[in-house]
Amino acid sequence: MDFDALFQRQLDDLKAEGNYRVFAEMERTCGTHPKAVNHGPGGARDVTVWCSNDYLGMGQHPKVVEAMVEAARSCGTGAGGTRNISGTNSHHIALEKELADLHGKEAALLFTSGYVSNWAALGTLGSRLPGAVILSDALNHASMIEGIRHSRAQKVIWKHNDPEDLDRKLAALPADAPKIVAFESVYSMDGDIAPIREICDVADKYGAMTYIDEVHAVGMYGPRGGGVAEQEGLMDRITLIEGTLGKAFGCFGGYITGSAALCDFIRSFSSGFIFTTALPPAVAAAAKVSIAHLKTSDAERRKQREQVEKLRARLDAYGIPHLDNPSHIVPVMIKDPVKCRMISDILMRDFGVYVQPINYPTVPKGTERLRFTPGPLHTDADIDHMCRALNSLWQQCALARQVA
């Protein structure tokens, strides 16, 4: 059997649909964020990155970089293996204490990515709690969906950000079944924010555990960067808070926080923790410094919010449609996969603006978009240049404008 032919046929179909993903080779140069060097067919050139999840530029913050370099010099580059075999490094322990403090919890547990922390935690909870039912928001991330599927627990999907539907679904379940309500705070594609208080009220009514994914919110919201739950004074009402070190904290890895018993339970039974090489100590050291900095500094968050407001105002002035949401994520709606890819390519080629198209299966067909994430280091000139470029392409592609 010609397996390559089978592979190629599906790849060709993906390309014909306009959903084939092309990676841009980008070289981030320390100290120049959000600028980067793009290595393309025409050679290397400078571009401005508009779609990074390093939301605050902490991945290039001098204190964070120095912490990583210093730890690498003292500990080496790798962890040497899993934490139960090779030993837990002091940087892992210090980071977990920092994270527990950030979220007002007894304990925290590190994972190699936010994807793995969701997959491992939900997979373990659903499989190890007899008769567990996981109630999942309809727009939960793929990592949460995979974790629930892996657990083989009963799954109930409730309407996105709809506490009333959640109430109906919980009411229909056996009273004695362990129930886990899983949802996100900031949804990364539409940028909308969950009604956390109302969800907690419903969960409490039925004695359900609450599980929140704050990966797009940690570092960004709350007086110390603890996320939307901290901003709204609700962290104590969430059983498990999951987050990432790879976005606003500018590093790498994922984590969960909760009670000491909960974290020990996941540590002891999760294959996604037990059999995975630990984070390099240098990464843990850098992440700790980043978190500690954002606990006391609000300057990055304030400037980031200013730039988001300026970008939205410029888009409105040109009538370029973008989803109205209360978060830092600005989705510009194209609603056509071919045009979305084409506009992204032209922005890069002709204007030095790098923003990746978001197509199916990341978003439903017909909702294709460019997802902008302005940060504190994007200048007013950057915003003006990008919006002018987008405006000119809007005319060329005959796309509908948003009426004020």
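This is a predicted model: local features need pLDDT of at least 70, side-chain atom pairs count only at pLDDT 80 or more; totals for chains, interfaces and linings use all residues.
Helix α1 comprises the 15 residues 3-17. At 1.5 Å a residue, a helix of this number of residues should span 21 Å. The C-alpha atoms at the ends of α1 are 22 Å apart, which agrees with that expectation. At the start of the helix, a side-chain oxygen of D2 comes to within 3.3 Å of the backbone nitrogen of D4. After α1 comes G18, a residue with a positive phi, near 85 degrees.

Four strands form an open sheet, in which the order is β1-β2-β3-β12 and the pairing is mixed. The partner strand β2 covers residues 35-40 and runs antiparallel to β1, to which it is joined by 3 bridges. Across this pair, R28 stands opposite A36 in β2.

Two cis peptide bonds are described here, beginning with the bond that joins H33 and P34. Its omega is about 10 degrees. P34 is placed in the loop between β1 and β2, the strands that run antiparallel to each other. A cis peptide bond also joins Y360 and P361, with omega about 15 degrees. The loop that holds P361 lies between β13, residues 357-358, and β14, residues 369-372.

A positive phi is also found in R152, a residue other than glycine, where the value is near 65 degrees. R152 belongs to the loop between α6, which covers residues 142-151, and β6, which covers residues 154-158. The relative accessibility of R152 is 79%. Exposed residues are those over 50%, and R152 therefore counts as exposed.

K335 likewise is not a glycine, and its phi is positive, at about 65 degrees. The position of K335 is in the loop between β11, residues 330-333, and α14, residues 337-351. With a relative accessible area of 56%, K335 is exposed.

Technical notes:
Residues are numbered from 1 along each chain as its sequence is written. Side-chain values use heavy atoms; hydrogens and water are left out. Helices (H or I, at least four residues) and strands (E, at least two) are DSSP runs, numbered from the N terminus. The expected span of a helix is 1.5 Å times one less than its number of residues. A polar contact is a pair of N or O atoms within 3.5 Å; within protein, one must be able to donate a hydrogen and the other to accept it, and residues adjacent in sequence count only if both atoms are side-chain atoms. Two strands pair if DSSP finds at least two bridges between them. Buried means under 20% relative accessible area, exposed over 50%, partly exposed in between (1.4 Å probe, protein chains only).
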